[in-house]
Amino acid sequence: MIKLLQILIVLVLFAFAEGDKRSIYHIPLIASSICSNDFDQDGDIDIAVGHLYNWNSLWSGVSILKNDCFAMMYCDSFYMYENHWDVVTAKLNNNIQFDLITQLSDEQNLMIGIVFDFMDNQNNILSIPIIEYSETYAIGDIDYNLSNDIVFISHEGQFWGVIYNDGYGNFTTPEYHYVDDYYPNDVACGDLNDDGRDDVVVCGQSTEVYFSYPDGFEVLLLENNDYKSDLFISDFDLDGDRDIITFSGNAGYTVVIMYNNQNNNTFERIDNFTLQQITSSYCVADFNNDSLPDILFHLGNNSGFIIYYNQSGFQFGHQLSVPNSGDIVQSTCDDFDNNGYKDIASAFASNNPQNSVVKILFNDGNGNFVENPIVAVVENELSHSGLTCYPNQFSGTTKIWYNPENNAAIQLKIYNYTGQLIKSIE
């Protein structure tokens, strides 16, 4: 039995001095999108970043930040030609591995690219031709066959589309649904009427719900007089059904327009929240572990974030400012350091000619977002390991002693202050 987790936690705590920042990771140029999940199924949250095509380096693709326990990440990147405005992950082919969905082209034909089992093999790519560039993707079981289908939008093409999955990673040709008199900006999927089939919501100058039924889609126009840039589907009031949250900006204000799901395919519009600041991107996540989804606003002046906490009943209460200066292109919220609270990971468009940056702010559970992981350690586990390190801090050499309680194989992992794996000893 390899005592990996215990030893790894201890080494991490000794290897980093107070004040070292394990929150900044360098990735290739022109980051444009970000998502997170436990891609390699090892119990911690990883990050994927999409990049725009760089005409100087002739490169575009996807970077993977692999979390090697407690938000110590190392980067692996692979080439895919296109501008990756969105990267989405899901399980698509009847195994436990995550697959990646993004934009793809061969310089002549536009396609949706699916990289199966992308953590292990970046060459297993399925290319699905489409008639117009697709900017954004969403995942849902639209046809109720217990597998994930892929939904996409085309802003310029004025349509949304779906490719259906047979559960084994075989997809139909794209099915297109054109919208009237507006240009789609975002799409989301979720079961809005509790029939087991995921429905589709599309927003732009209009906001529409497409209810999925065995014989096709039934459209419900929620409104057509407010420009929306982003939307989320979430049980915002914890009443057991999924609501719709949209965001609109105009004349120096951000307006949150929510739609309370009242069942029977009806929604009540609620627009009681206005923020007198321009914002550019959003996350919906429970930051204080009260089970209510909160909202993270990225400020348009690039000074950081504001979190507004959900007080239930579609009311917002306490707000928290989170400084994070820089040109953020997109953020994702997840528990990267395994302390039980949602953190914030952001992809930055960097002025550095060599790279872009991903920065993580760690939630300590007390209303603070800090630049080092919040790792819980049990004292008796430390004493049982018999691990010591001297000197610490050190610049040249150090000595590590360990004396396990039982006769067992030991695996030690040593990291530098950026989270890069330096040596593994077994």
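Y308 is buried (under 20% relative accessible area, with exposed over 50% and partly exposed in between, for a 1.4 Å probe and protein chains only), its relative accessible area being 10%. F297 also counts as buried, at 0% relative accessibility. The model is predicted: local features need pLDDT of at least 70 and side-chain atom pairs count only at pLDDT 80 or more, while totals for chains, interfaces and linings use all residues. Residues are numbered from 1 along each chain as its sequence is written, and side-chain values use heavy atoms, without hydrogens and water.

In the whole structure, 22 aromatic pairs are found. Rings of Phe, Tyr and Trp (its six-membered ring) pair if their centres lie within 6.5 Å; planes under 30 degrees apart count as stacked, over 60 as edge-to-face and the rest as tilted. The ring centres of F297 and Y308 are 5.8 Å apart and the planes stand at 85°, so this pair is edge-to-face. F297 belongs to strand β23 (residues 294-299) and Y308 to strand β24 (residues 304-310), so the pair ties together parts 11 residues apart in sequence. One aromatic cluster includes F297 and Y308 together with F232, F247 and F273.

The protein has 2 helices and 33 strands, which are DSSP runs numbered from the N terminus (helices H or I, at least four residues; strands E, at least two). An open sheet is formed by 4 strands in the order β18-β19-β20-β21, with antiparallel pairing; two strands pair if DSSP finds at least two bridges between them. β18 (230-234) and β21 (267-275) stand at the edges with a single partner strand each, so one side of each lacks a neighbour in the sheet.
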